[in-house]
Amino acid sequence: MTTNDNAPASIRQEVESLRKQIDHHNLQYHALDRPEITDAEFDAMLARLEQLEARYGLQSPDSPTWRVGAEPLPGFVEVRHEIPMLSLEKAFSEEEFQQFEARVAKRAELEGEIEFCCEPKVDGVAVSLIYQDGVLKRGATRGDGVNGEDITHNIRTIHDIPLRLHGSDHAGTVLEIRGEVFLGKEGFAALNARAREEEGRTYINPRNTAAGAIRQLDSRNTAKLPLRMYCYSIGLVNGLTLPGTLFEIFALLDKWGLHTNIDRRLCHGAGESLEYCRRLLQKRPQLDYEIDGAVIKINQLELQRKLGQTARSPRWAIAWKFPAEEKSAKVLAVDFQVGRTGTITPVARLDPVFVGGVTVSNATLHNMDEIGKLGLCAGDSVIVRRAGDVIPQIVQVAAAGKERKSVTMPTECPACGSPIERDGDVQFRCNAGLVCPAQRRQSVSHFASRSAMDIEGLGERLIEQLVDSGAVRNVADLYRLSVDKLAEFERMGQKSAANLVAAIEKSKRTSLNRFLAALGIREVGGATAMALADHFGDLAPLLEADAEALQQVPDVGEVVARHIREFFDNPENLALVAALREAGVYWPAAQPRAQDSLPLAGQTIVITGTLGRMTRNDAKAKLLSLGAKVAGSVSARTDCLVAGEKAGSKLTKAEELGIRILNEQEFAEFLLEHEIET
């Protein structure tokens with residue numbers, strides 16, 4: 001498709017020929033791994049096409065020249081999915097899958113075996129593609145399932161995604177393709193190898209790398225990564241008659257030049273489907289992409305429509321989740337790290353091992369009791385487990401090392417040399433406070449974090465430099481930093497320094513709950529800070545409250561009340577608060593609210609799964625501010641369950657008890673409905 005009919009016919013013909021040739025060679029190279037020409041020949045062909053398009057005004061969105069990336073965008077545009085992109089119900093055992101099949105058969109009044117389409121559950125990023133008249137018009141992230149972000153500029157750089165569908169029968173059609181963008185194991189390894197050669201920062205895992213790549217404002221950065229995509233379903237369809245089964249649709253997508261997973265299978269009944277899952281689990285290490293399970297869908301589209309969907313998931317599909325992946329690794333040493341409040345935590349330094357989609361080199365050991373239970377010594381081989389985004393953990397000692405070194409708690413803080421004291425039965429602590437550089441760095445990092453003062457651009461590397469140089473002795477010093485002072489530090493030019501100073505200045509206007517959360521009081525996170533702010537209205541009455549008065553606040557018990565009082569009874573902490581106020585940090589005072597007058601007073605709400613729009617702590621804080629009690633488990637007394645991504649047994653129990661369930665979009669509307677006028 002050219003855009004300038006005034007260009008000479010010979011030029012338009014050459015442009016069309018070049019596009020076809022480049023598309024052909026892209027397919028041979030990226031999909032079939034059978035290159036027919038050298039890289040130099042391909043580059044020359046692409047350069048000639050770019051030259052002709054620019055000179056004669058023949059640019060087109062389906063041209064392969066769009067794959068190299070374009071100028072950066074100022075920001076992302078939100079798009080609303082024509083048909084919501086729902087999450088899947090999950091099964092963790094054969095019994096749960098058999099229950100799913102029984103529910104399907106009962107609801108649809110079926111007899112005999114059900115035909116299922118089974119495929120690997122690729123650990124990637126879900127996206128939506130809209131093709132109009134066969135030409136790619138829009139790419140979008142899944143987002144919260146209802147609203148996503150327009151990432152068309154990045155989608156065009158992925159060679160697995162055709163800019164124009166193959167074939168000539170697409171006129172007058174609109175088709176939505178849904179799939180998973182991912183980074184293969186080989187591509188990920190090559191990416192990190194290149195990063196190490198260039199002494200750059202290596203990537204942690206393929207999924208997060210892919211997720212970051214498709215959300216780049218500068219698509220030239222996305223184009224540098226060997227991203228891939230497998231299509232797994234269709235959404236909106238206009239002007240087109242599709243086959244009656246999902247398996248036939250996959251064959252049609254292949255014909256159109258889209259990529260589907262060759263490891264899919266058509267299975268009859270639960271028995272064949274479960275056998276497919278078992279074989280896929282065995283094959284998992286040989287696959288060139290990360291998977292965390294299998295997706296099992298009813299093959300007949302008419303039956304899918306008949307079964308319909310719940311508020312959060314289709315009734316005709318389920319995700320079979322594989323067990324957590326485990327690998328063996330050698331413990332090279334056990335170090336001790338100092339937390340923000342001085343807690344000393346043992347950390348195992350491992351011979352790096354790839355497990356659960358991530359290269360793991362560290363694993364927390366929690367405390368000395370855990371080391372004793374494991375019988376762990378430095379030099380031992382251990383079993384490391386990681387599932388999803390869970391912190392890697394050591395499950396057991398697999399084999400004792402030849403030269404074992406026992407692990408003992410040091411007597412002095414590894415960061416400042418101050419004495420280490422026992423705190424309770426299992427914890428040890430450095431009580432040096434901000435005198436300890438490790439605690440100082442952690443406190444500054446926490447203070448600047450998104451859930452606290454939200455100082456954009458103040459990263460860990462810079463914080464380390466600021467603290468170690470003495471430029472920042474406590475968080476109040478952040479507000480004394482100048483552009484010239486910041487520009488002295490590594491990788492900080494004048495523009496970056498000016499942006500950071502502006503971000504620090506912007507953070508001065510905050511809210512009482514954010515300020516309290518930023519101070520780093522032990523066990524006072526976002527939710528407790530919100531409850532304190534709502535109860536007292538301003539800082540002065542909070543400072544005067546004794547332990548008994550503090551315990552009148554929802555979410556504050558005896559231990560938390562003691563921590564709050566200990567913090568504000570410390571003259572150094574009071575001086576820090578005064579310094580922050582003097583530096584210009586302020587918040588609008590609010591009237592304290594009686595708990596029983598709040599909109600959600602008396603309601604018990606449970607949050608489960610991963611939320612995309614806010615953190616679990618932010619959601620909890622918001623609910624507490626509206627008067628709700630936020631519980632950790634579902635019971636008959638639960639009024640409502642907020643179910644995010646990867647919701648598990650709590651969702652199942654809520655469905656069994658008939659409890660009201662809100663997906664993330666409904667939860668946002670629920671909060672808006674009960675919002676308090678301020």
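Trp256 touches Pro162, Leu165, His166, Asp169, His170, Leu175, Leu240 and Leu242, once residues up to four places away in sequence are set aside. In this model, which is predicted, Trp256 has its place in the loop between α8 and β9 (265–268), and Trp256 is buried, with a relative accessible area of 5%. The chain brings Gly167 to this place too, for the C-alpha atoms of Trp256 and Gly167 are separated by 6.5 Å although the two residues are 89 residues apart along the chain.

Helix α8 (residues 246–255) lies across β7 and β8, and α8 runs at about 115° to β8. These two strands belong to an open sheet of four strands in the order β5-β4-β7-β8, in which the pairing is antiparallel. Because β5 (135–141) and β8 (227–238) each have a single partner strand, they stand at the edges of the sheet, and one side of each is left without a neighbour there. Neighbouring strands of this sheet are turned by 25° against each other on average, with direction ignored. Within the sheet, strand β4 (residues 125–132) and strand β7 (residues 174–183) pair in the antiparallel sense over eight bridges, and Leu129 has Ile177 as its bridge partner in β7. A further helix, α6 (residues 206–213), lies across β4, β7 and β8, running at about 135° to β7.

## The five-stranded sheet

Another open sheet has five strands in the order β2-β11-β10-β3-β9, and here the pairing is mixed. As a general point, strands of a sheet pair through backbone hydrogen bonds, either parallel or antiparallel. The edges of the five-stranded sheet are β2 (89–91) and β9, each of which has a single partner strand, so that one side of each is left without a neighbour in the sheet. From one strand to the next the twist averages 35°. Strand β10 (residues 291–298) pairs with strand β11 (residues 317–321) in the antiparallel sense over five bridges, and the bridge partner of Ala294 in β11 is Trp320. Helix α9 (residues 269–283) lies across β3, β9, β10 and β11, running at about 140° to β9.

| Helix | Strands it lies across | Angle |
|---|---|---|
| α6 (residues 206–213) | β4, β7 and β8 | about 135° to β7 |
| α8 (residues 246–255) | β7 and β8 | about 115° to β8 |
| α9 (residues 269–283) | β3, β9, β10 and β11 | about 140° to β9 |

The side chain of Glu119 makes a polar contact with the side chain of Lys297, at 3.1 Å. Leaving aside neighbours within four places in sequence, the residues in contact with Glu119 are Cys231, Tyr232, Phe250, Arg264, Tyr276, Ala294, Val295 and Lys297.

## The nonpolar cores

The largest nonpolar core has 55 residues, and those with the most contacts inside it are Ile455, Leu458, Leu532, Ile564, Phe568 and Leu580. Among the elements that give two or more residues to this core are α12 (437–448), α13 (460–469), α15 (494–506) and α17 (526–536). Apart from this core lies another, of 33 residues, which include Val127, Tyr131, Ile151 and Leu258.

Leu458 touches Val444, Ala448, Ile463, Leu466, Leu478 and Leu500, not counting residues up to four places away in sequence. Helix α13 has Leu462, Ile463, Gln465, Leu466 and Val467 as its buried residues, and what covers them includes α12, α14 (483–487) and α15. Just after α13, Gly470 takes a positive phi of about 90°.

In helix α22 (residues 616–625), the buried residues are Ala619, Ala621, Leu623, Leu624 and Ser625. They pack against α17, β19 (604–608), β20 (629–631) and α24 (664–673). Helix α22 is followed by Gly627, whose phi is positive, near 100°.

## The cysteines

How many disulfides does the structure hold? It holds zero disulfides. The sulfur of Cys413 has its closest cysteine sulfur in Cys416, at 3.7 Å, which is too far for a bond, because a disulfide requires the two sulfur atoms to be within 2.5 Å. Cys413 counts as buried, at 4% relative accessibility, and Cys377 is likewise buried, with a relative accessible area of 13%.

Definitions and conventions: Residues are numbered from 1 along each chain as its sequence is written. This is a predicted model: local features need pLDDT of at least 70, side-chain atom pairs count only at pLDDT 80 or more; totals for chains, interfaces and linings use all residues. Side-chain values use heavy atoms; hydrogens and water are left out. A polar contact is a pair of N or O atoms within 3.5 Å; within protein, one must be able to donate a hydrogen and the other to accept it, and residues adjacent in sequence count only if both atoms are side-chain atoms. Contact means heavy atoms within 4.5 Å. A nonpolar core is a set of buried Ala, Val, Leu, Ile, Met, Phe, Trp, Tyr and Cys residues joined through side-chain atoms within 4.5 Å. Buried means under 20% relative accessible area, exposed over 50%, partly exposed in between (1.4 Å probe, protein chains only). Two strands pair if DSSP finds at least two bridges between them. Axes are lines fitted to C-alpha atoms, for helices over the stretch in contact, and angles run from 0 to 180 degrees between N-to-C directions.
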